[in-house]
Amino acid sequence: ICAEPGMGRRDLITRLIRTASKDGLRISRHDLSTRDSESASALIVRVARESSRRPEPSLVAFDELPPSDESCVRRQARALKRMWEAGVHTVFSLPPEGSQLLDALPECSCVTASDLVVRTVTEVESGDFSYWLRRYTRGVPSLVSALPLNSGPVRPNPLKCTSYLDALQE
């Protein structure tokens, strides 16, 4: 999942984990948001080694891989391929600045920001009552969820909505 902050990367991984858990897969989730590229690479390699040895079906998720240099990208790509070859389902999220990892993994499927926008908001026509929602959010999931979705005659002012302003700062 390669998208900007606020696009729902963590939420999507959470939903995938919930589905995999219901299907009986062993789940392993790792948050890399506070790690640098070297320590993130080391963790990915260690998890790949451990998860590749397990006989039971599993899903490994990595949240927020940091952008990395070429040597770290090579290590990460080798580790991820090792898991896939062992039958481990793998999902990870990273910002667009880290997309060089995707270049090293042409066999993976990528979900981007354009796949994550709230389509019901982006497809609203200018005459529709909900057009103001499109105007202020452009379909960005964190902004859409921060605004009240009432259909009353008075539209709320997003600039007076603290949850919307908080989401803009993220």
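Ile27 stands opposite Leu59 in strand 2. Strand 1 and strand 2 pair in the parallel sense over six bridges. Two strands count as paired if DSSP finds at least two bridges between them. Helices (H or I, at least four residues) and strands (E, at least two) are DSSP runs, numbered from the N terminus.

This is a predicted model, in which local features need pLDDT of at least 70 and side-chain atom pairs count only at pLDDT 80 or more, while totals for chains, interfaces and linings use all residues. Residues are numbered from 1 along each chain as its sequence is written, and side-chain values use heavy atoms, with hydrogens and water left out.

## Overall layout

The protein has nine helices and three strands. Along the sequence they follow the pattern α-β-α-β-α-β-α-α-α-α-α-α. Of the 170 residues, 42% count as buried. Buried means under 20% relative accessible area, exposed means over 50%, and partly exposed lies in between (1.4 Å probe, protein chains only). Contact means heavy atoms within 4.5 Å. Among contacts with a separation of 6 or more, 64% join residues 24 or more positions apart.

The three strands form an open sheet with the order 1-2-3 and parallel pairing. Strand 1 (26-31) and strand 3 (89-92) are the edge strands, and each pairs on one side only. The twist averages 10° from one strand to the next. Strand 2 (residues 58-63) and strand 3 run parallel and are joined by four bridges.

How many residues of strand 2 are buried? Six of the six are, so strand 2 is largely enclosed by the rest of the structure. In a regular strand the side chains alternate between the two faces of the sheet. Ser58, Val60 and Phe62 point one way from strand 2, whereas Leu59, Ala61 and Asp63 point the other way.

Ser58 belongs to strand 2. Its relative accessible area is 2%, so Ser58 is buried. Leaving out residues up to four places away in sequence, Ser58 touches Leu25, Arg26, Val88 and His89.

Helix 2 (residues 37-53) lies across strand 1 and strand 2, and runs at about 175° to strand 2. Axes are lines fitted to C-alpha atoms, for helices over the stretch in contact, and angles run from 0 to 180 degrees between N-to-C directions.

Ile13 sits in helix 1. With 0% relative accessibility, Ile13 counts as buried. Not counting residues up to four places away in sequence, Ile13 touches Ile1, Arg29, Ala61, Phe62, Asp63, Val91, Phe92 and Ser93. Ile13 and Asp63 are 50 residues apart in sequence, yet 7.9 Å apart in space, C-alpha to C-alpha.

## Helix 2 against helix 3

The axes of helix 2 and helix 3 (residues 70-85) come within 9 Å and cross at roughly 20°. The two helices are therefore roughly parallel to each other. The cut-offs are under 35 degrees for roughly parallel, over 145 for roughly antiparallel and 65 to 115 for roughly perpendicular, with the rest oblique. The crossing is left-handed. That term applies if the near helix is turned anticlockwise from the far one by less than a right angle, and right-handed applies if clockwise.

Residues of helix 2 in this contact include Ile44, Val45, Val47 and Ala48. Those of helix 3 include Ala79, Leu80 and Met83.

## Glu64

Glu64 lies in the loop between strand 2 and helix 3. Its phi is near 60°, a positive value in a residue other than glycine. Most residues other than glycine have a negative phi, and most peptide bonds are trans. At 14% relative accessibility, Glu64 counts as buried.

## Cysteines

| Cysteine | Closest cysteine sulfur | Sulfur distance |
|---|---|---|
| Cys108 | Cys110 | 6.3 Å |

A disulfide is a pair of cysteine sulfur atoms within 2.5 Å. A search of the whole structure finds zero disulfides. Cys110 has 35% relative accessibility, so Cys110 counts as partly exposed.
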